[in-house]
Amino acid sequence: MTKIKICGLKRIEDIEAANALRPDYIGFVFADFSHRYVNKETAAKLKEKLSREIKAVGVFVNENVSFVAELLNEGIIDIAQLHGDEDNIYIEELRQLICGNEDASYDKSSDENYEAYKPGADKSESDKTSGDKIRIIKAFNINKIHDISEIDASVADLVLVDSGTGSGETFDWNKLKEIRRPYILAGGLGPDNAKSAIENIHPYGLDVSSGVETDKLKDIEKMKRFVGIVRETDEEMCCISKAEREDLGQILKLQYLAYQSEADLFKNRDIPPLRETLEELEEEFERGTVLKLVEGNRIIGSVRAYEENGTLYIGKLMVHPDRQKRGYGKTLLSEIEKYYPGKRYELFTSTRSIDNISLYKKCGYEIYDSKVISDELEFVYMEKKGKKI
């Protein structure tokens with residue numbers, strides 16, 4: 001679903017409100033020219049009170065890279081958001097200073113497929129916005145960049161687009177439709193325009209600050225209204241139902257987009273999902289159940305399954321690349337199980353598809369067998385026992 005970030009928290013009551021509302025992120029501002037500024041000591045005390053389910057983002061403007069790394073390594077913040085002139089060199093230096101960061105030892109020069117995996121490349125969102133992997137967000141002022149490609153070229157884990165450093169002003173959102181990667185929208189957001197933002201440009205997340213304040217202090221009622229509107233809008237826009245035969249062409253196109261990342265992962269574009277024809281999909285449609293996830297008037301997700309000898313075999317669970325990491329896959333999986341209650345559910349995936357395995361385990365599946373296909377490829381088979389009726 002649309003991620004929610006409430007920025008500029010500086011009081012214990014702000015943290016208590018956040019804990020009650022459960023946004024995905026909260027922000028501590030470390031820029032001393034802001035009325036929302038907090039120092040390291042205050043941020044540490046506030047973080048101690050913050051629910052572990054909520055990520056703390058530190059907002060910096062041209063800060064010394066060592067200080068940013070210090071706050072990350074001490075656990076005072078979980079993510080650094082860079083709002084100044086920090087470039088890719090700064091970001092890479094910060095990444096090197098972060099303890100336990102897998103990317104720090106990654107040698108791009110030895111990876112012939114790096115171009116397909118670097119941030120901004122046309123690929124699945126899984127490598128760019130994968131939960132705990134987000135450590136660095138780069139903010140861009142839409143009024144200062146010369147070309148949208150600057151946003152796509154950032155090596156940050158995630159990007160944010162604003163009209164200034166906490167300006168609280170909106171801008172022409174149509175400018176963002178050319179961005180090829182997930183982004184957080186900021187600038188002048190509040191309860192009155194959150195719904196419009198989601199419906200019109202479908203951002204990865206919304207960042208609100210002044211829009212939930214009264215007299216420059218966080219207002220619990222405005223915060224509650226903002227969070228409620230975002231979540232209600234997500235529910236209104238997305239619905240899951242059985243696919244119709246006329247949907248199959250669109251689902252096949254979605255399949256091609258969703259499995260391009262698999263092709264890149266195995267460095268092999270000759271994989272079955274990319275070779276499937278409409279006729280083969282129609283045969284699957286007649287054999288079992290095909291569900292579609294619709295956002296507005298567009299199919300953004302799908303899953304297929306068929307039953308045989310008391311087992312439900314689930315396959316081709318997919319979400320559009322620019323809609324991944326929002327819980328849609330888990331929802332689709334849960335929904336297909338509801339069509340066949342009390343069964344044994346089975347699916348399989350590659351051992352290299354770590355995100356898939358993690359998702360299935362969260363949904364109650366366990367690995368029960370594996371099969372080596374080649375030196376580079378191994379499949380694991382997973383199962384989940386259904387509840388007896």
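**View 1. The charged end of Arg344 over the ring of Tyr368.** In this predicted model, the charged end of Arg344 sits over the ring of Tyr368, 5.2 Å from its centre; such a placement is counted if NZ of Lys or CZ of Arg is within 6 Å of the ring centre and within 35 degrees of the ring normal. The charged end of Lys138 likewise sits over a ring, that of Phe140, 5.7 Å from its centre. Tyr368 also belongs to one aromatic cluster, together with Phe348, Phe379 and Tyr381.

**View 2. Aromatic pairs.** A pair of aromatic rings is described by the distance of the centres and the angle of the planes. Rings of Phe, Tyr and Trp (its six-membered ring) pair if their centres lie within 6.5 Å, and planes under 30 degrees apart count as stacked, over 60 as edge-to-face and the rest as tilted. By this rule the count comes to eight aromatic pairs. The ring centres of Phe60 and Phe67 lie 6.5 Å apart with their planes at 85°, so this pair is edge-to-face. Tyr306 and Tyr313, with centres 5.4 Å apart and 25° between the planes, form a stacked pair.

View 3. Glu337 lies in helix H12 (residues 328-338) and counts as buried because its relative accessibility is 11%, where buried means under 20% relative accessible area, exposed over 50% and partly exposed in between (1.4 Å probe, protein chains only). Leaving aside neighbours within four places in sequence, Glu337 is in contact (heavy atoms within 4.5 Å) with Tyr345, Tyr365 and Lys384. Tyr345 stands opposite Lys384 in S17.

Residues are numbered from 1 along each chain as its sequence is written, and side-chain values use heavy atoms, with hydrogens and water left out. Local features need pLDDT of at least 70 and side-chain atom pairs count only at pLDDT 80 or more, whereas totals for chains, interfaces and linings use all residues.

Definitions and conventions
Helices (H or I, at least four residues) and strands (E, at least two) are DSSP runs, numbered from the N terminus. Two strands pair if DSSP finds at least two bridges between them.
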